Amino acid sequence: MSEFNPKENHLKGQTSPYLLQHLYNPVDWYPWGKEALEKARSENRPLLVSIGYSACHWCHVMERESFEDHSVARLMNEHFVCIKVDREERPDIDHLYMNAVQLLSERGGWPLNCFALPDGRPFWGATYFPKEQWKNILIRIHELYQHQYDDLLEQAQQLTEGITKSSLLPVSQKQTEEFSAESIHRMADTIIEGIDMKEGGTKGAPKFPLPALHEFLIHYHAQNPDKDTALQAVNLSLQKMAKGGIYDQIGGGFSRYSVDEYWKVPHFEKMLYDNAQLISLYSKAWKINPLPIYQQITEETIAFVKRELQSQAATFYSALDADSEGKEGKYYVWTEKDFHQVLGHEAALAGEYYNIGGKGLWEEGNNILMPDKDLEEFARMKKMDVFGLREKIVLWKEKLLSEREKRIKPGLDTKVIVSWNALMIEALAEAGSTFGKQSWIEDAQKTADYILKHAIDKQGKLAHTITNEKLAVDGFLEDYAYMIKALIKLAQASINPSYFVSAKNLLNYTLANFSSPDTNMFAFSSDKGEQLAAPYFDFQDNVIASSNSTMARNLFYLGNIFENQQWIDRSRNMLHDMKPQIEQYGRWTANWGILWLHHQQEFFVLAVTGPHAHVAAAKLYTTFLPDTLVCAAHTKTDHIAVLENRFSEKETLIYPCTLNACLQPENEAEAVIRLLRQ
């Protein structure tokens, strides 16, 4: 066989930056699609599906070691049809093969390398391998396919059945049961038992920020003020993350996770979805405990996202790479010499503050900045004025950031992922309404308006990705779920109820195209889209809340806004089906737990109308009111059920409404807050 010409790589013309990184590999990569699948069927060759993403450090390592090596490529090209997948662009494919690998080994991660029959059914897979081990695996899989095909076929059948069974949640036969307070207390206790009460986050390493889990604890404490440990867990985790290496102390923003239990050494990739969710989380935490550091982290992280990830179209790119110049974290770390060159006579004090040479020392003389002491505590140690120290730190950051900008930057993945942009819309709306920053709310509106105009077709179908203004992939459930949730938040923050209507339109499309006759859950892929070897239903909350838990909350909220009992019933049925999971696996069902909490107390929609509705609504937003929605309008509207016949041109009125009924209106936000707190 002649050597493969890299100029003929089948990834040419793809929109994913990750796929284009592999454009000149000697491996004859195909994108996922009919051409690759038909080739595998016609030539009776197994598929080798390799999945990663552009910011993944070990994906780059395996590419350098194996996929750029001609001897490895020859084995792959001769015996397999090789498919490269961007997990962010095709989460449906990633879920299928990740589930297969996790069923085989109880482990997962990226790069993910899975072997499948020509029809796409997986029979074996794993993650990273060094070159020689990878070559041996390729040879062994080829031999098995040639001589023990029946064994692989049986394995594929069992795996596919296992994936389907693990993903499909049956309809509960106990739909009349109530959501007991005892169950939610047990869930909270289980979550709190898993919290590291010394370093924050969950026990052990690696440590991932889990925004949904901490948001649940905030909601739980709001309903149960005597449960101090829940709030302590949130405050400890958020402050430890803010002072750790996982947070970029100079430029703002969080890395994906830390490899250790101290939040020190991150995998340095920065993902839009992490930062968006953490902006929302720190904003909510500030409402119940207004620590200056929470506002600081929110402001700095928003500044990072806008500076590094915002496109000219007001949308947001997906990620920054972990590596620069071939080394993980090189862009972010500092030597003592660096500090002295940049900060001069201030370097000693700054180095002590950031633990240069001490706790922050990492490898090869490099340091990860870790200001583990509170500003006030460090000022007392140095007998300094707190305000003077704060001014110094601002100047240090400016100088260090300016110097860092001269370095070769990590690669930027310019995919615009609709679901992750939705998380950022929600974050900007949440932070803007919390801290009274109208410019952030306007930023959220610009992004939302762009997506509503450019990423939805005439039938109401939403796209998943936008790259160079091209709609590359149809939307998945996560895109609809997170976008609806974002529009619900934006409608409140912007005092623009038309966003509720947009959310309702997307909800109706989801109900029509993602529902399944076999379960109350929504399928991850539309019934009009490509059907893979096994269906997937996303219901476990992880680093991002699951799309089904988000949809269940959306149905509940919009059901109350539009007084639609069917939507509320669907939400309730979904929650009922999850009861065994919630009671047993609280850590992985935290977003469902928030919905459960809504059933523990009366849920209110605050209908705010009149000439000064924005003033009243703004006061409501700065208070954490966990079991309420705010629906405000300056002018009369007939599109929102909860606002009908409740408008006055002469005075501003706040109606506390439950489903289909409202209490007497109040003129002042403070009076409503007192009522709700009773």
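This is a predicted model: local features need pLDDT of at least 70, side-chain atom pairs count only at pLDDT 80 or more; totals for chains, interfaces and linings use all residues.
**Entry 1: confidence**

The mean pLDDT of the protein is 94, and 99% of its residues reach 70 or more.

Next I turned to the second largest pocket, which has a volume of about 750 Å³. I counted 31 lining residues, and those closest to the centre of this pocket are I293, Q296, E300, Y353 and K397. Which helix gives the most to the lining of this pocket? I found that helix 12 does, with nine residues. Helix 12 spans 292-308. Helix 10 (228-242), helix 15 (375-381) and helix 16 (386-404) each supply at least two residues as well. By class I noted 16 nonpolar, five polar and ten charged residues in the lining of the second largest pocket.

**Entry 2: the largest cavity**

How many cavities of 30 Å³ or more does the structure hold? I noted five. In the largest cavity lies about 410 Å³ of space. It is lined by 26 residues, and E430, K489, Q492, L625 and T628 are the closest to its centre. Several elements each supply at least two residues of this lining, among them helix 21 (547-561), helix 25 (613-621) and strand 19 (628-633). Helix 19 (477-493) is also on that list, and helix 19 gives the most, with five residues. The lining of the largest cavity divides into eleven nonpolar, seven polar and eight charged residues.

**Entry 3: the second largest cavity**

My last stop was the second largest cavity, with a volume of about 200 Å³. Of its 16 lining residues, E215, Q277, L423, E426 and K485 lie nearest its centre. I wrote down helix 9, helix 11, helix 17 and helix 19 as each supplying at least two residues of this lining. These four helices, with helix 9 at 211-223, helix 11 at 272-288 and helix 17 at 418-435, also each supply at least two residues to the lining of the largest cavity. For the second largest cavity, the largest share comes from helix 11, with five residues. By class, the lining of this cavity has eight nonpolar, four polar and four charged residues.

Methods. Residues are numbered from 1 along each chain as its sequence is written. Side-chain values use heavy atoms; hydrogens and water are left out. On a 1 Å grid over the protein atoms alone, a cavity is a set of points where a 1.4 Å probe fits but cannot get out, and a pocket is an open set with protein on both sides within 12 Å along at least five of seven lines; lining residues have an atom within 4 Å of a point. Grid points are joined across faces, edges and corners, and a volume is the space filled by probe spheres set on the points. Ala, Val, Leu, Ile, Met, Phe, Trp, Tyr, Cys and Pro count as nonpolar, Asp, Glu, Lys and Arg as charged, and the others, Gly among them, as polar. pLDDT is the predictor's confidence in each residue, from 0 to 100.
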